[in-house]
Amino acid sequence: MYSFWFRLREGLINFYPPLLGAGIRAHKIDERTMQIEMKLTALNRNIVGVHFGGSLYAMCDPWFMLILMRLLGSNYIVWDKAASIRFVKPGRGKVKAVFHIPQERVDEIRTAADLSGKTEPTFFVDVVDDQGQVIAKVEKLLYVRRKNN
């Protein structure tokens, strides 16, 4: 498990200025799942009155990395390596995304990192509105390797 400081930072993530300023709120569902929400406000609205694309990406940025760091433990290095976002339709009102990594996937990643020295798993998440319609599709590529102790 991660240290007290890691858990404290994770608990205070909603006060991290880039997330706070965009109106992004994180809710921990369980050890493997985070639900992230963002309401449309004057601070995250673009010139045509819908969610700013940068804010939509910001709400998706760190979660797979943070969840995987927690699940793999302190013997592994986990970094965001690449990402892409495809906007499907304009976002109005509240939008949300659910980030989940099942145990089987964690085991696969751990095994690949142990056998190959490193691995680069890819994750996908949809940003949806209150009606469940997809607003954006996000792909995240992570870098994982075992620490040299």
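Tutor: Val78 counts as buried because its relative accessibility is 8%; buried means under 20% relative accessible area, exposed means over 50%, and partly exposed lies in between, using a 1.4 Å probe and protein chains only. Before we go on, keep in mind that this is a predicted model, in which local features need pLDDT of at least 70 and side-chain atom pairs count only at pLDDT 80 or more, while totals for chains, interfaces and linings use all residues. Residues are numbered from 1 along each chain as its sequence is written, and side-chain values use heavy atoms, with hydrogens and water left out.

Val78 sits in strand 3. Strands (E, at least two residues) and helices (H or I, at least four) are DSSP runs, numbered from the N terminus. Leaving out residues up to four places away in sequence, Val78 touches Met65, Leu68, Met69, Leu72, Leu142, Tyr143 and Val144; contact here means heavy atoms within 4.5 Å.

Two strands are said to pair if DSSP finds at least two bridges between them.

Now walk along the pairs. Strand 3 and strand 6 run antiparallel and are joined by 11 bridges; one of these links Phe87 to Ala136 in strand 6. Ala136 is also the bridge partner of Val127. Strand 5 and strand 6, again antiparallel, share 7 bridges, including the one from Thr122 to Leu141. Strand 5 and strand 6 also form a hairpin with 4 residues between them, and Gly132 in that turn has a positive phi of about 80°. Strand 4 and strand 5 are joined by 2 bridges and run antiparallel, with Val95 partnered to Asp129 in strand 5. At the other end, 6 bridges connect strand 1 to strand 2 (residues 33-38), also antiparallel, and His27 has Gln35 in strand 2 as its bridge partner.

Helix 4 is mostly covered, with 10 of its 10 residues buried. Just after helix 4 comes Gly73, with a positive phi of about 90°.

Helix 4 and helix 5 pack at an angle of about 75°, with axes 11 Å apart. That angle is why helix 4 is called roughly perpendicular to helix 5: under 35 degrees counts as roughly parallel, over 145 as roughly antiparallel, 65 to 115 as roughly perpendicular, and the rest as oblique. Where they meet, Leu68, Leu71 and Leu72 of helix 4 face Val106, Ile109 and Arg110 of helix 5. By class, this contact has 5 nonpolar, no polar and 1 charged residues; Ala, Val, Leu, Ile, Met, Phe, Trp, Tyr, Cys and Pro count as nonpolar, Asp, Glu, Lys and Arg as charged, and the others, Gly among them, as polar.

Finally, the core. The largest nonpolar core has 37 residues, of which Met59, Trp63, Leu68, Phe99 and Val127 touch the most other members. Helix 4 gives the largest share of this core, 9 residues. Such a core is a set of buried Ala, Val, Leu, Ile, Met, Phe, Trp, Tyr and Cys residues joined through side-chain atoms within 4.5 Å. Beyond its neighbours within four places in sequence, Phe99 contacts residues including Met59, Cys60, Trp63, Phe64, Ile67 and Val125. The C-alpha atoms of Val78 and Phe99 are separated by 16 Å, with the two residues 21 apart along the chain.

For contrast, look at Lys89 in the loop between strand 3 and strand 4. Lys89 counts as partly exposed because its relative accessibility is 31%.

Methods: Axes fitted to C-alpha atoms, helices over the stretch in contact; angles between N-to-C directions.
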